[in-house]
Amino acid sequence: MRILFMGTPDFAVPVLDALVEAGHTIVAAYSQPPRPGGRRGKALTPSPIHARADALGIEVRTPLSLKGADEQAALAALDADVAVVAAYGLLLPKAVLTAPRLGCLNVHGSLLPRWRGAAPIERAILAGDAETGVGIMQMEAGLDTGPVRLEGRTPIDRKTAGDLRAELSVMGARLMVQVLVDFDAYPAVPQPEDGITYAAKIDKAEARMDFTKTAVEVERAVRAFNPAPGAFFELNGERFRVHAADLVDANGPAGTVGEDLLIHCGEGAIRPTSIQRAGRGVMTVAELLRGFPIPAGTQL
């Protein structure tokens, strides 16, 4: 097929690669414009999809918006059979949704209609969902309201958001290729009207660890915010980022530190197993405490 690809972050890269490997023609790749990045945060850095498409010799387009008539005409002129969308980050107007012959297919990282919106992976972990998945959705004007052609499932277990994002990206790539092999074999099934939830964008303020919550909820937040924005607590004005933590059967005043950096929560306790001081590398708790003692009784 002649495919118009639309994506921006790392999540989208396996999808693009799978389409190329399957022998499809990528007529262009649309991505978010380069953003300030690099070591000093000033140099403009292309998105992962921009960089990958460049390496594959695919034309890259980075419009700030698709609302203008000129941009819409330029897109329609590509004469694509279908548009494949994976975490693109721009609203697609109706003129864009209907431009390709077969419309637009989205790789969405949840089991719709649960977790429509910007942060389905993080919200599934925070909510304690037992499983999540990825769906190949036929896009329409509403927010992730379109019918689903095919989906895959996976248990969440103790996976981080980073773990799940990588797993669902590969799964979504495989399912997308499967749908495109025989489009008519996977009819678009409307989403159920029950069970709709919305995955609001993650606010960085949510990453501050709230030890008045239960230990189960705090540990979920550690996994949901790994790798970004990173769950953290502060002590003496310094920020400590927690990458992983174990649940501990212990009770005490919320936010109070026990032995070996056990931290009491509203119910139960956690013990960080992987931690990072500001400006330092990731280390074990034992390594941290050798150079930075945090005595029992400390209140976080």
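By contact I mean heavy atoms within 4.5 Å. Of the contacts in the chain between residues at least 6 apart in sequence, 64% join residues at least 24 apart. I note that this is a predicted model, where local features need pLDDT of at least 70, side-chain atom pairs count only at pLDDT 80 or more, and totals for chains, interfaces and linings use all residues. Residues are numbered from 1 along each chain as its sequence is written, and side-chain values use heavy atoms, with hydrogens and water left out.

**Overall**

I looked up the secondary structure and got eight helices and 16 strands. Helices (H or I, at least four residues) and strands (E, at least two) are DSSP runs, numbered from the N terminus. The C-alpha atoms fill a box of roughly 65 × 45 × 30 Å along the principal axes. Of the 300 residues, 51% are buried; buried means under 20% relative accessible area, exposed over 50%, and partly exposed in between, with a 1.4 Å probe and protein chains only.

**The seven-stranded sheet**

I traced an open sheet in the order S5-S2-S1-S6-S7-S9-S10, with mixed pairing. Strands S5 (60-61) and S10 (148-155) stand at the edges with a single partner strand each, so one side of each has no neighbour in the sheet. For pairing, DSSP has to find at least two bridges between two strands. S6 (residues 82-86) and S7 (residues 104-108) run parallel and are joined by three bridges. Val84 has Leu105 in S7 as its bridge partner.

**Val107**

I stayed in strand S7 for Val107. Buried or exposed? Val107 is buried, with a relative accessible area of 3%. Val107 touches Phe11, Val15, Val85, Ala86, Val134, Gly135, Ile136, Gly172 and Met176, leaving out residues up to four places away in sequence. Phe11 is 96 residues from Val107 along the chain, yet their C-alpha atoms are separated by 9.7 Å.

**Asp129**

Next I went to the loop between helix H5 (120-126) and strand S9 (131-138), where Asp129 is found. Asp129 is buried at a relative accessible area of 16%. What does its side chain make a polar contact with? The partner is the side chain of Trp115, at 2.8 Å. A polar contact here is a pair of N or O atoms within 3.5 Å; within protein, one must be able to donate a hydrogen and the other to accept it, and residues adjacent in sequence count only if both atoms are side-chain atoms. Asp129 also touches Arg114, Ala124 and Ile156, among others, not counting residues up to four places away in sequence.

I then checked S12 (residues 231-235) and S13 (residues 238-248), which run antiparallel with five bridges joining them. Phe233 stands opposite Phe240 in S13. The two strands form a hairpin with two residues between them, and Asn236 in the turn has a positive phi of about 55 degrees. S13 also pairs with S15 (residues 269-277), antiparallel over eight bridges, and Ala245 has Pro272 in S15 as its bridge partner.

**Helix H7**

Last stop was H7 (residues 215-224), which is mostly covered, with seven of its 10 residues buried. Glu219 and Arg223 are among the buried ones, along with residues including Val218 and Val222. The buried residues of H7 pack against H5, H6 (161-181), S12, S13 and S15.
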